[in-house]
Amino acid sequence: INGCFAVYGREKGEAEGVILVLQDVTEQKELEEMRKEFVANVSHELRTPLTTVKSYTETLLDGALEEKELAVSFLQVINHEADRMTALVQDLLELSRLDNKQVKFNIRTVNLAQLVAESVQQHQIHALKKHQTMKFHSNVEEIFVSVDPDRIHQVLSNVISNAIKYSPEEARIDVYISQDEEWVRVGVKDTGIGIPQKDLTRIFERFYRVDKARSREMGGTGLGLAIAKEIMEHHKGRIWAKSEQGKGTTIILEFCK
Ligand code: ADP
């Protein structure tokens with residue numbers, strides 16, 4: 001705690017009262033720690049692909065260039081790492097724009113049932129590549145909410161592609177939409193690897209991954225759900241997860257009516 005006080009008196013030495021100002025700096029300190037951790041994470045995430053690019057380039061220059069097949073495979077690795085860095089920088093820029101309130105939200109009345117159906121449709125091709133079955137379920141054709149459709153499409157894309165990414169071949173993915181008096185809910189339920197209970201709230205933190213190596217291998221930046229959470233909060237909505245390890249995960253998006 002930071003504090004300062006002043007002593008008042010009519011004449012020297014004659015104290016009439018004391019004003020004590022106390023300031024709780026816990027939150028300030030926590031924010032500072034989070035900022036430091038974020039910068040360390042960004043540096044690490046960028047250094048990892050750069051180290052790979054550098055070592056593969058050096059090996060090519062040292063003579064591997066002469067062997068065509070080897071050279072091609074090295075260049076593919078370099079290309080892949082460059083793509084990862086691009087994705088990371090794009091996500092970082094997006095987060096920074098959201099943090100600085102530079103993103104303009106075009107809120108309109110939208111048929112969310114249709115928006116979800118379209119997102120599911122767009123991802124069918126990726127599910128099919130893994131022989132997964134993805135189905136959309138809705139009791140009604142129209143559920144209207146006030147949202148920015150592009151931004152919500154972005155959230156749905158992230159959650160649906162995670163369901164595909166973190167589920168095995170031939171898995172089943174179900175996407176639901178339902179409503180009660182207060183909320184409209186969209187659930188994306190997969191039958192994948194699941195998330196341990198202790199990580200359920202942390203997956204929405206920047207760069208938090210249950211399995212770093214696995215996420216990177218799949219081309220993840222570790223920022224998708226953090227961006228999704230920011231977008232949902234801008235809509236006064238919520239995003240949360242329930243899961244059973246080894247059985248599957250459901251990500252729930254809630255929109256206030
Ligand atoms: P990433 O780019 O790593 O996928 P996200 O922010 O989208 O980053 O997700 C954060 C982490 O949450 C992932 O690394 C993964 O560990 C976990 N996760 C997200 N969605 C799922 C899911 N459907 N099943 C299992 N784990 C998931």
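This is a predicted model: local features need pLDDT of at least 70, side-chain atom pairs count only at pLDDT 80 or more; totals for chains, interfaces and linings use all residues.
Local features need pLDDT of at least 70 and side-chain atom pairs count only at pLDDT 80 or more, while totals for chains, interfaces and linings use all residues. Numbering starts from 1 along each chain as its sequence is written, and side-chain values use heavy atoms, with hydrogens and water left out.

Turning to polar contacts (pairs of N or O atoms within 3.5 Å), a ligand nitrogen lies 2.8 Å from an N or O atom in the side chain of Asp190. On the backbone side, a polar atom of Thr221 is 2.9 Å from a ligand oxygen, and for Gly222 a polar backbone atom is likewise 2.9 Å from an oxygen of the ligand. Taken alone, the ligand exposes 530 Å², and the protein buries 97% of that (Shrake-Rupley areas, 1.4 Å probe).

Helices here are DSSP runs of H or I with at least four residues, and strands are E runs of at least two.

Elsewhere, there are two aromatic pairs, meaning ring centres within 6.5 Å, with planes under 30 degrees apart stacked, over 60 edge-to-face and the rest tilted. Phe38 and Phe207 have ring centres 5.7 Å apart and planes at 35 degrees, so the pair is tilted. This pair links distant parts of the chain, 169 residues apart: Phe38 is in helix α1 (residues 26-61), and Phe207 is in the loop between β7 (183-189) and α5 (212-217).

Definitions and conventions. A polar contact is a pair of N or O atoms within 3.5 Å; within protein, one must be able to donate a hydrogen and the other to accept it, and residues adjacent in sequence count only if both atoms are side-chain atoms. Rings of Phe, Tyr and Trp (its six-membered ring) pair if their centres lie within 6.5 Å; planes under 30 degrees apart count as stacked, over 60 as edge-to-face and the rest as tilted.
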